[in-house]
Amino acid sequence: MRKPRIDYAAVFRALPGMVALLTPDLVYADANEDFLRLAGRTREQLLGRYIFDVFPENPNDAAAAGMRETEASMLRVVATGERDTMALLRYDIEDHARPGHWVEHFWSPVNAPVLGPDGEVVLIVHRVEEVTELIRARGGTGSDSSRARVLEAELYTRARELQDVNERLRLAHAHDREVALALQAAMLPAPTPVGHHRAAVRYRPAVGTLNVCGDWYDLVDLPGDRIAVAVGDVVGHGLQAAGVMGQLRSALSAAARVADGPARAVEALGLYARHVDGAESSTVVKTFIDWATHIITYSSAGHPPPALLDPEGTVTFLDQATDPPLGARPDHVPRPEASVAFVEGATLVLYTDGLIERRHEDIDVGLARLADSLVRHGQSDPEALADALLADLLPSTETTDDTALVVIRL
């Protein structure tokens, strides 16, 4: 049986319930028949117009907050790419046939994103349910009617209280995120001098979430023509993760200066992490780069493998010395170590899993995506290459984890 062709525009217009489409600038792009009928507007009165020009707030209600809350909800959808369900709200509508006459309305709205091929929000689906009759509790008589009005008034009051609580939580979330990011920035300064070698570092927080401040990087100048480079990832988020990150970064930086190789440095960090609350299951990869011998020595504790791009365009993932994350074993076991030769002009890239991992996707897909981007941009200098990798691999509306990145020209 041949699959029927579906006219999605016709389906949209026939959808039961009030549904409208708006651009990220909050301009009406379309509305279904129920929306037009129940809102008392024609399609020509809506399309191409700013939502709050069509439906301004009641100027006679000093406590009106429907416009502010609706705008805030829609802008959150644009910023985060996530659905936003609003609490029950009152939003009066001016009678189009009687200018200056406002009709009381109560609505239950939901705003959801429509994403384009690049992951950006291209439309907002605005679905609202008209609940005015329910709130007014019409149709009852006597004590039943009185009780219904009391119950519905209580429902509306509780919904408004929930909206206020959610708003306070969002403000607290934003404040905690700003503090955590400030602490992260203070503990992840620009890299210390690494001789004449060119390096670029980047840190990108997750978009619109508290899942930030667990990723870190470190570069240490060692005696001779050598440097030690590390990236790590703390399980957790926010201020606690930032604090743990700072402790682990400092401990490994110190260990690198006295250890005879990356495995011993990671081994010392693992012993230290046993006594740091919140450090369990953290991951890290440590590399020692020696320009005199053209050898990279590395050791990984559960971390994604560094990528080595040679001047001919071949990418090798350094995955021959991988062990479980910090604190994963009940007993102390020496960490593995491996070495690989490099040629002058090669590029070494260390990163955290936010750069390559995506939900419902095998990690090998992300590694292949990284390798492809490296080959395409590999001739760029480290600063430009770091920016290109982030642009290629971090779609702005889907990054739910923070990302640390180090690029070194060998």
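Biologist: Hi! Where in the chain is confidence lowest, and where is it highest?
Modeller: Helix H7 (residues 142–187) is lowest, with a mean of 58, and strand S17 (residues 338–341) is highest, at 95. That score is pLDDT, the predictor's confidence in each residue, from 0 to 100. This is a predicted model, where local features need pLDDT of at least 70, side-chain atom pairs count only at pLDDT 80 or more, and totals for chains, interfaces and linings use all residues. Residues are numbered from 1 along each chain as its sequence is written, and side-chain values use heavy atoms, leaving out hydrogens and water.

Biologist: Where is the pLDDT below 50?
Modeller: Over residues 138–143, a stretch that has 2 contacts in the model beyond near neighbours in sequence. A contact means heavy atoms within 4.5 Å. Where pLDDT is low, the predicted coordinates should not be read in detail.

Biologist: Noted. And what does the chain average?
Modeller: A pLDDT of 81, and 79% of the residues score at least 70.

Biologist: New topic: how many helices and strands are there?
Modeller: The chain has 11 helices and 19 strands. Both are DSSP runs numbered from the N terminus: helices are H or I with at least four residues, strands E with at least two.

Biologist: In what order do the strands of the open sheet come?
Modeller: The order is S9-S19-S18-S14-S15, 5 strands with antiparallel pairing. Two strands pair if DSSP finds at least two bridges between them.

Biologist: Which ones stand at the edges?
Modeller: Strands S9 (199–204) and S15 (315–317) do; each has a single partner strand, so one side of each is left without a neighbour in the sheet.

Biologist: How many bridges join S18 to S19?
Modeller: There are 5, between residues 347–351 of S18 and residues 403–409 of S19. For example, Val-349 has Val-407 in S19 as its bridge partner.

Biologist: Which strands does helix H11 touch?
Modeller: Helix H11 (residues 382–393) packs on the sheet against S9, S18 and S19, and its direction makes about 30° with that of S9. Axes are lines fitted to C-alpha atoms, for helices over the stretch in contact, and angles run from 0 to 180 degrees between N-to-C directions.

Biologist: Last one: which residues of H9 are buried?
Modeller: Pro-262, Ala-263, Ala-265, Val-266, Glu-267, Leu-269, Gly-270 and Ala-273. Buried means under 20% relative accessible area, with a 1.4 Å probe and protein chains only. Across the chain, buried residues make up 46% of the 410 residues.

Methods
Buried < 20%, exposed > 50% of the residue type's maximum accessible area, 1.4 Å probe, protein only.
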